[in-house]
Amino acid sequence: MTSQETARVTWPQDAVATRILVADDEPGIRAFIGRALAAAGYTADFAATGAEALQRALAGHYDLVILDLVMPDMAGQVVLERLLATDPEQAVLVLSCLADVASKVNCLERGAQDYLTKPFSLAELLARVSRPRGVAGDSGHDRAGEIVRTGRLTLDVGRLVADIGAGPVPLTRLEFLLLRELAEHAGQSVPKGQLLATVWGYDFDPGSNVVDVCVRRLRSKLGFGLIKTVRGEGYQLADH
């Protein structure tokens, strides 16, 4: 990560995020990310501790919070949980040196929208930041009251719940969007790349396993037979 790399990066003119909070206890990381955001015309605030990050995030509106996990006073996981408990709509990108699957799954299950490990490529970070909420603009408000049905599966768009005949099960926004995409292509295999583009807003594969993690969470909530893995292709809603 160098200043030369920063200079080569161009930012999409239609990027979603405009105000970003960078929470990291490493001054060098804060400065590096801050320079890149400033060069792109974005407003960035900074926090060096978990408590400061939580206070700033709850006191103001941020389009995105970039959150480190290893903080000197409060674990990033705690910050994430408390922040989303108060503001479930807040987009959070976890940026951490913890690369184990358990840490990633834990943060995604707590509601983080993405997870990127250190050391990171600036180009990948900026690509993820530029569309931090994927298709979150389609939050369901414009489709409130819509019900999607396929087989035994019923999706309530306004309430973000799924029902396969055993009662409504609340889902996170990303879980719901992924399941709805599969439901709208019932009987077909949906490639992971298409799910990344539709749900997370990526038009490329960032080498992330967020799709697989989200599918695992859906299976644990709604049954392991709900979603089939189509080897070499993607995922498909099982026939019921």
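**Pocket first, then the fold**

Q: What kinds of residues make up the lining of the largest pocket?
A: The lining divides into 7 nonpolar, 4 polar and 4 charged residues. Here Ala, Val, Leu, Ile, Met, Phe, Trp, Tyr, Cys and Pro count as nonpolar, Asp, Glu, Lys and Arg as charged, and the others, Gly among them, as polar.

Q: Before I get carried away, what sort of model is this?
A: It's a predicted model, where local features need pLDDT of at least 70 and side-chain atom pairs count only at pLDDT 80 or more, while totals for chains, interfaces and linings use all residues. Residues are numbered from 1 along each chain as its sequence is written, and side-chain values use heavy atoms, with hydrogens and water left out.

Q: OK, back to the pocket. Which residues lie nearest its centre?
A: Leu84, Pro88, Gly111, Thr172 and Arg173, out of 15 lining residues. A pocket is found on a 1 Å grid over the protein atoms alone, as an open set of points where a 1.4 Å probe fits, with protein on both sides within 12 Å along at least five of seven lines; a lining residue has an atom within 4 Å of a point.

Q: What's its volume?
A: About 250 Å³. That is the space filled by probe spheres set on the grid points, which are joined across faces, edges and corners.

Q: Which helices each supply at least two residues of the lining?
A: α5 (101-110) and α7 (173-183) each do. Helices here are DSSP runs of H or I with at least four residues, strands are runs of E with at least two, and both are numbered from the N terminus.

Q: Zooming out, how many helices and strands are there?
A: The protein chain has 9 helices and 12 strands. Of its 240 residues, 48% count as buried, meaning under 20% relative accessible area, with exposed over 50% and partly exposed in between (1.4 Å probe, protein chains only).

Q: Why call β4 largely enclosed?
A: Because 5 of the 5 residues of β4 (residues 92-96) are buried. Val92, Val94 and Ser96 point one way, and Leu93 and Leu95 the other.

Q: Which strand pairs with β4, and in what sense?
A: β3 (residues 64-67), in the parallel sense over 3 bridges. Strands count as paired if DSSP finds at least two bridges between them. Leu93 in β4 is the bridge partner of Ile66.

Q: And β1, how many of its residues are buried?
A: 4 of the 5 residues in β1 (residues 19-23) are. β1 pairs with β2 (residues 43-47) over 5 bridges, in the parallel sense, and Ala23 stands opposite Ala47 in β2.

Q: Switching topic: where is the cis peptide bond?
A: Between Lys118 and Pro119, with omega about -5°. Pro119 sits in the loop between β5 (114-117) and α6 (122-130).

Q: What about the backbone at Leu160, what's phi there?
A: Near 55°, a positive value in a residue other than glycine. Most residues other than glycine have a negative phi, and most peptide bonds are trans. Leu160 is in the loop between β7 (153-156) and β8, and counts as buried at 18% relative accessibility.

Q: I keep looking at Tyr62. Buried or exposed?
A: Buried, with a relative accessible area of 3%. Tyr62 lies in the loop between α3 (50-59) and β3. Not counting residues up to four places away in sequence, Tyr62 touches Arg19, Ile20, Leu21, Asp45, Arg56, Ala57 and Gln90. A contact is heavy atoms within 4.5 Å.
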